[in-house]
Amino acid sequence: MKKKYTKKDIIKRASYKLHMTHNDCKIITDCILEIFEEMFTENKDSINIELRNFGVFSVFKTKERQNALNPRTKERVTIPERKKVVFKPSKKIKKKLYDK
């Protein structure tokens, strides 16, 4: 079964766990997400955001690809370099995921 969580779900759970109002938790969540956005979009070649007992977000540039092939037209195309975000969960999270 597939479950989709949204920012609203995060705010609702945080407000319950922290015994805070929905609006206070919304302000905090928006602030944290804005900080993540700023960190992800910094003009650096490689960025690591490490959250202990949760995981590591890595942002790095991919290489430009000269010999890519469009499968529909069989035409050779160049794919420009871009930034890619990768998440690696911590050992604690992995253990909880795989022990079930």
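Select aspartate 30 and lysine 7, whose side chains meet in a salt bridge with N and O 2.7 Å apart; the term stands for a side-chain nitrogen of Lys or Arg within 4 Å of a carboxyl oxygen of Asp or Glu. Aspartate 30 lies in helix 2 and lysine 7 in helix 1 (residues 7-18), so the pair ties together parts that are 23 residues apart in sequence. Helices (H or I, at least four residues) and strands (E, at least two) are DSSP runs, numbered from the N terminus. This is a predicted model, in which local features need pLDDT of at least 70 and side-chain atom pairs count only at pLDDT 80 or more, while totals for chains, interfaces and linings use all residues. Residues are numbered from 1 along each chain as its sequence is written, and side-chain values use heavy atoms, with hydrogens and water left out.

Keep the pair selected and colour by accessibility: aspartate 30 is partly exposed at 25% relative accessible area, and lysine 7 is partly exposed at 38%. Here buried means under 20% relative accessible area, exposed over 50%, and partly exposed in between (1.4 Å probe, protein chains only).

Next, select lysine 61, which lies in strand 2 and is partly exposed at 34% relative accessible area. Its side chain meets that of aspartate 45 in a salt bridge of 3.6 Å, N to O. Aspartate 45 sits in the loop between helix 2 and strand 1, and this residue is exposed at 57%.

Glutamate 81 also forms a salt bridge with lysine 61, the closest N and O atoms being 3.9 Å apart. Because glutamate 81 lies in the loop between strand 4 and strand 5 (83-89) and lysine 61 in strand 2, this pair ties together parts that are 20 residues apart in sequence.

Which residues have a positive phi without being glycine? Select asparagine 53, with a phi near 60°, in the loop between strand 1 (46-51) and strand 2 (55-61); then select lysine 74, with a phi of about 60°, in the loop between strand 3 (65-69) and strand 4 (76-79). Most residues other than glycine have a negative phi. Asparagine 53 counts as exposed at 54% relative accessibility, and lysine 74 is exposed at 59%.
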